[in-house]
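Subject: Structure handover

Hello,

The structure is placed below, and my notes on what was found in it follow. Please read them with the model open.

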Amino acid sequence: MVLGCLPEHPRRGADPRVSPLRADDLTGLPAAFVVTAGLDPLRDQGVRYVEALRAAGVPVTHRAVEGVPHAFLSFTRDVRVARDVLNETGDAIGAAFA
């Protein structure tokens, strides 16, 4: 989801296209690969999303990466775990389209 596609509004976080946990029903979504960072203030939301997807019968892989901050994937040049998780994410996307 690209946030810029939505109209500017202070409550746009309530929109399930921005905050999928706010959707009434997650049934029928495609398989998901969700990465959460252990030191991310949004980590618990990611974990709840994984749980909600599973409860809706959506196949989901959760890659919990402990000890890293939000946006750790931007450090792929310098941080090995960032490169590894980015590669895992690419593999999951490739497998989804195979």
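Which residues are exposed on the other side of H2? They are Arg80, Asp91 and Ala95, where exposed means over 50% relative accessible area, buried under 20% and partly exposed in between, computed with a 1.4 Å probe on protein chains only.

Before the rest, the conventions. This is a predicted model, so local features need pLDDT of at least 70 and side-chain atom pairs count only at pLDDT 80 or more, while totals for chains, interfaces and linings use all residues. Residues are numbered from 1 along each chain as its sequence is written, and side-chain values use heavy atoms, with hydrogens and water left out.

Overall layout

The chain has two helices and two strands, and from the N terminus on they run β-α-β-α. Helices (H or I, at least four residues) and strands (E, at least two) are DSSP runs, numbered from the N terminus. Of the 98 residues, 19% count as buried. Among contacts (heavy atoms within 4.5 Å) with a separation of 6 or more, 53% are between residues 24 or more positions apart.

H2 covers residues 80-97. Its 18 residues should span 26 Å at 1.5 Å a residue, and its end C-alpha atoms are 26 Å apart, which agrees; the expected span is 1.5 Å times one less than the number of residues. Opposite the exposed residues named above, Ala82, Val85 and Thr89 are buried in H2. These three cover an arc of only 70 degrees around the axis, which puts them on the same side of H2; the arc is that of the directions from the helix axis to the C-beta atoms. S1 and S2 are among what covers the buried residues of H2.

H1 (43-55) has 13 residues and reaches 19 Å from its first C-alpha to its last, close to the 18 Å expected. Its buried residues are Gly46, Val50 and Leu53. They lie on the same side of H1, because the arc they cover around the axis is only 65 degrees. The cover over the buried residues of H1 also includes S1 and S2. Just after H1, glycine 57 takes a positive phi of about 80 degrees.

Strand and loop residues

Threonine 36 sits in strand S1 and counts as buried, at 5% relative accessibility. Leaving out residues up to four places away in sequence, threonine 36 touches Arg43, Gly46, Val47, His62, Arg63, Ala64 and Val65.

Aspartate 40 is in the loop between S1 and H1 and, at 14% relative accessibility, counts as buried. With residues up to four places away in sequence not counted, aspartate 40 touches Val68 and His70. The C-alpha atoms of aspartate 40 and proline 69 are separated by 5.1 Å, although these residues are 29 apart along the chain.

Alanine 71 is in the loop between S2 and H2. Alanine 71 has a positive phi of about 70 degrees although it is not a glycine, and at 40% relative accessibility it counts as partly exposed.

Pockets

The search used a 1 Å grid over the protein atoms alone: a cavity is a set of points where a 1.4 Å probe fits but cannot get out, a pocket is an open set with protein on both sides within 12 Å along at least five of seven lines, and lining residues have an atom within 4 Å of a point. Grid points are joined across faces, edges and corners, and a volume is the space filled by probe spheres set on the points.

The largest pocket holds about 850 Å³ of space. It is lined by 24 residues, of which Val18, Pro20, Val34, Gly46 and Tyr49 are the closest to its centre. S1 (32-37) and H1 each supply at least two lining residues, and the largest share, six residues, comes from S1. By class, the lining of the largest pocket has 15 nonpolar, five polar and four charged residues; Ala, Val, Leu, Ile, Met, Phe, Trp, Tyr, Cys and Pro count as nonpolar, Asp, Glu, Lys and Arg as charged, and the others, Gly among them, as polar.

The second largest pocket holds about 230 Å³. Its lining residues include Phe33, Val60, Thr89, Ile93 and Phe97. S1, S2 (60-65) and H2 each give two or more residues to this lining, and H2 gives the most, with five. The lining of the second largest pocket has nine nonpolar, two polar and no charged residues.

Regards
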